[in-house]
Amino acid sequence: MSLPPLVEPVDALSSREQLRTARHQRLAGLGSDGQRRIAAASVGVIGAGGLGAPVVLALSAAGVGTVVVFDDDDVELSNLQRQVIHRLQDVGRPKTDSVVRVAADLSETEVRVVTTRLTHENAAELISGVDLVLDGTDSFESREVVAAACERLAVPLVWGTVQEFAGLVTVFWSAPPVPADAVRLHDLYPPGSEAPACSAVGVFGPLCIQAGSMMASEALKLITGIGRPLLGRIAMIDALAGSVREAPLQASRATASAPPSDAVDEVDHPADGAVVIDVREAEEVARGMLPGARHVPLATLLGSLDSTAAELAGSEVVMVCQVGARARRAAQALRGRGVDAVVLRGGMDGYERRRQPA
């Protein structure tokens, strides 16, 4: 199903952009009108890594008016196998530096960078103002934060993920134009989903370029109103087989806006005498934990639920992670075993923010 254009066109392109984008303007269905819509668009890109790097390259080359890139990481040498926007001389520098430099070398695209880490509390405010968002993050916590903000703002979310030799690309939108049906992240993955990081299982470098290119294509289709966006469909890339298949993706009966039946209480800080369990990974807790907290990674806890629940019986338990999603999943599992478990509101990010002076 085609959708109406997302963005109104600018009145005219500069003479240089007119010449630079000539091959776009010769495309049937896109033309001058579509290119002027691209020039008017403001696009949010979450992450300048494996997917974000080719996305920024493609959007800047296409002549998108404004690209807002959200990333707070520095370039590491191991990134360069797949994050094609960075160079050897960028190692140790913020990823956003590469984004600004490369975009400026390609077009008149204005690049704005946001180095604040997105959380459930600030994401909607920080993302507001863009016409659509492309999410290239690699953790479900981050994906849930971004998806929730896009649902609140009713902006389309172009979503992709890669792992090993497989990739997925789709479009989520909580309020698409009639008669399209709303599709959300939680229609594909239940809340609190987890997946191993690419540092643990690896990722095929060229796959990132392929999936990122598809994501950029979806963004341009939405902006200009051409083609058939992946709303209600999911593209499945198999790099080893050299194939791209698709499957329908429909809204589940329980939408993301519906309150979960297994909701758990949240607290701003642990009560005296409470058992505090931090379910983050080792590299995360190395940056700091709550005083007296026990470190039990989520996978370890879920793998020993019965013995852990027996040990915690009768205790008030506070679960902690970075922003709250993993802690909520752990608390739900323990409550199913009769443990009085609650969640630290907003995770460590929220806790640290509440401690800052007003």
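Which side chains meet Arg 353 in a salt bridge? In this predicted model, the side chain of Glu 121 does so, with N and O 2.8 Å apart. A salt bridge here is a side-chain nitrogen of Lys or Arg within 4 Å of a carboxyl oxygen of Asp or Glu. The pair links distant parts of the chain, 232 residues apart: Glu 121 sits in the loop between β3 (110-114) and α6 (123-127), while Arg 353 belongs to helix α15. Helices (H or I, at least four residues) and strands (E, at least two) are DSSP runs, numbered from the N terminus. Both partners can be described by their relative accessible area, where buried means under 20%, exposed over 50%, and partly exposed in between (1.4 Å probe, protein chains only). Glu 121 is partly exposed at 43%, and Arg 353 is partly exposed at 32%.

Residues are numbered from 1 along each chain as its sequence is written, and side-chain values use heavy atoms, with hydrogens and water left out. Because the model is predicted, local features need pLDDT of at least 70 and side-chain atom pairs count only at pLDDT 80 or more, whereas totals for chains, interfaces and linings use all residues. The pLDDT is the predictor's confidence in each residue, from 0 to 100. The chain averages 90, and 94% of the residues score at least 70. Over residues 253-261 the pLDDT stays under 50, and the model has 5 contacts (heavy atoms within 4.5 Å) for this stretch beyond four places in sequence.

Now back to the charged pairs. Side chains of opposite charge can pair when their charged atoms come close. Searching the whole structure turns up 19 salt bridges. One of them joins Glu 246 and Arg 233, whose closest N and O atoms are 2.7 Å apart. Glu 246 lies in strand β8 (residues 243-248) and Arg 233 in strand β7 (residues 233-238), so this pair ties together parts that are 13 residues apart in sequence. Glu 246 is partly exposed at 45% relative accessibility, but Arg 233 is buried at 11%. Glu 352 is partly exposed at 36%, and Arg 355 is exposed at 56%. Salt bridges that share partners also join Glu 266, Asp 268, Arg 328, Arg 345 and Arg 354 into one network.

Helix α15 (residues 347-355) has a buried side to its story too: Gly 347, Met 348, Asp 349, Gly 350 and Tyr 351 are its buried residues. Their cover includes strands β12 and β13 (340-344).

Those two strands lead to the sheet. Strands of a sheet pair through backbone hydrogen bonds, either parallel or antiparallel. Here, 5 strands form an open sheet with parallel pairing, in the order β9-β13-β12-β10-β11. Two strands count as paired if DSSP finds at least two bridges between them. At the edges lie β9 (266-267) and β11 (294-295), each pairing on one side only. Strand β10 (residues 275-278) pairs with β12 (residues 316-320) over 4 bridges in the parallel sense. Val 275 has Val 317 as its bridge partner in β12, and Ile 277 has Met 319. Toward β11, β10 runs parallel and is joined by 2 bridges, with Asp 278 opposite His 295. In a regular strand the side chains alternate between the two faces of the sheet. Both faces of β10 are covered, with Val 275 and Ile 277 buried on one side and Val 276 and Asp 278 buried on the other.

Elsewhere, helix α4 (residues 52-62) is largely enclosed by the rest of the structure, because 8 of its 11 residues are buried. Among them are Pro 54, Val 55, Val 56 and Leu 59. After α4 comes Gly 63, with a positive phi near 95 degrees. Gly 63 is also one of the residues touched by Gln 35, along with Leu 13, His 24 and Ala 62, among others. Gln 35 lies in helix α3 (residues 31-40) and is buried, with a relative accessible area of 1%.
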